[in-house]
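Reader: I would like to go through the labels attached to this structure one at a time, setting each value against the cut-off that decides it. Could we begin with the terms for burial?

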Amino acid sequence: MGLIMEFKYNRILIVGCGGAGKSTLAREMGDKFNIPVIHLDKLHWLPNWIERPDSEFYTLLEKELEKPRWIIDGNYTRTFEWRLQYADLCIFLDYPIDLCLTSIDCRVKMYSGKSRPDMTEGCIERADDEFVEWINNYSKNVRPKLLEILNKSSVPYFIFNSRKQTAEWLNQFN
């Protein structure tokens, strides 16, 4: 039997492509370690997919960042460096794009006609062409920026390339 490690992190960021499972991992970790979960999508979107004004979004995010314990899932590259200043761990789900697209397809079917739990009520689940294109271009447009910011920061981070690898890491903790 392997050594079970103690979980020592209190402010965790989870980033990765759409469909990688950021919100699912955040909920699993929140339940396992009794840490509140904040979904950036809930802070960003108003009902009917209306974007919250940046000033309001930043105010809401700042209130969350100042709390002593949290898990925040979501990319929002424009706030990533700022969020890292508060974090003591970042998890990057660096999964294959095909897996992410398949997961998005499953998610759209699962939540057909309703809002998913990690999204603002009134944002009916969808995968429009713009979102699919964003996922397809993630490795080229978003991933390098996130990695550059991570590498410049002093925050420890883990990059996981498969769900199995992520689960094995998580299962080593009490």
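Author: A residue is called buried under 20% relative accessible area, exposed over 50%, and partly exposed in between. The model is a predicted one, and the values discussed here are computed from it.

Reader: What makes Tyr-76 buried or exposed?

Author: The relative accessibility of Tyr-76 is 14%, and because buried means under 20%, Tyr-76 counts as buried. Tyr-76 sits in the loop between strand E5 (70–73) and helix H4 (77–84), and its phi is near 40°, a positive value in a residue other than glycine.

Reader: Which label does Asn-48 receive, and why?

Author: Asn-48 has 58% relative accessibility, and since exposed means over 50%, Asn-48 counts as exposed. Asn-48 belongs to the loop between strand E3 (45–46) and strand E4 (50–51), and here too phi is positive in a residue other than glycine, with a value near 65°.

Reader: Why is Asn-10 called partly exposed?

Author: The relative accessible area of Asn-10 is 30%, which lies between the limits of 20% and 50%, so Asn-10 is partly exposed. Asn-10 is found in the segment before strand E1 (11–16). Leaving aside neighbours within four places in sequence, Asn-10 is in contact with Ile-35, Pro-68, Arg-69, Trp-70 and Asp-88, and its C-alpha atom is separated by 7.8 Å from that of Ile-71, 61 residues apart along the chain.

Reader: Why does Pro-117 count as partly exposed?

Author: Pro-117 has 46% relative accessibility, which falls between 20% and 50%, and therefore counts as partly exposed. Pro-117 lies in the loop between H5 and helix H6 (129–136), where, leaving aside neighbours within four places in sequence, it is in contact with Lys-42 and Tyr-111. Pro-117 and Ser-23 are 94 residues apart in sequence and 9.2 Å apart in space, C-alpha to C-alpha.

Reader: Is Asp-94 buried or exposed, and what shows it?

Author: The relative accessibility of Asp-94 is 13%, under the limit of 20%, so Asp-94 counts as buried. Asp-94 lies in the loop between E6 and helix H5 (97–110), and, with neighbours within four places in sequence left aside, it is in contact with Arg-143, Ile-159, Phe-160 and Asn-161.

Reader: How do you know how many disulfides there are in the whole structure?

Author: A search of the whole structure finds zero disulfides. A disulfide requires a pair of cysteine sulfur atoms within 2.5 Å, whereas the sulfur of Cys-17 is 4.1 Å from the closest cysteine sulfur, in Cys-100, and is therefore too far for a bond. For Cys-90 the closest cysteine sulfur is in Cys-17, at 15 Å, which is likewise too far for a bond. Cys-17 counts as buried because its relative accessibility is 2%, and Cys-90 counts as buried because its value is 0%.

Reader: What makes H1 and H9 roughly parallel to each other?

Author: Helix H1 (residues 22–33) and helix H9 (residues 163–170) pack at an angle of about 10°, with their axes 12 Å apart. Angles under 35 degrees count as roughly parallel, and H1 and H9 are therefore roughly parallel to each other. The contact is made by Leu-25, Glu-28, Met-29, Lys-32 and Phe-33 of H1 and by Thr-166, Trp-169 and Leu-170 of H9; by class, it has five nonpolar, one polar and two charged residues.

Reader: Which residues of the largest nonpolar core touch the most other members?

Author: Of the 51 residues in this core, they are Phe-7, Ile-12, Ile-14, Met-29, Phe-80, Ile-91 and Trp-169. The largest share of the core, five residues, comes from strand E6 (residues 89–93). Not counting residues up to four places away in sequence, Phe-80 touches Leu-13, Val-15, Asn-75, Cys-90, Leu-146, Ile-149 and Leu-150.

Note on methods:
Residues are numbered from 1 along each chain as its sequence is written. This is a predicted model: local features need pLDDT of at least 70, side-chain atom pairs count only at pLDDT 80 or more; totals for chains, interfaces and linings use all residues. Side-chain values use heavy atoms; hydrogens and water are left out. Axes are lines fitted to C-alpha atoms, for helices over the stretch in contact, and angles run from 0 to 180 degrees between N-to-C directions. Helices (H or I, at least four residues) and strands (E, at least two) are DSSP runs, numbered from the N terminus. Angles under 35 degrees count as roughly parallel, over 145 as roughly antiparallel, 65 to 115 as roughly perpendicular and the rest as oblique. Contact means heavy atoms within 4.5 Å. Ala, Val, Leu, Ile, Met, Phe, Trp, Tyr, Cys and Pro count as nonpolar, Asp, Glu, Lys and Arg as charged, and the others, Gly among them, as polar. A nonpolar core is a set of buried Ala, Val, Leu, Ile, Met, Phe, Trp, Tyr and Cys residues joined through side-chain atoms within 4.5 Å. Buried means under 20% relative accessible area, exposed over 50%, partly exposed in between (1.4 Å probe, protein chains only).
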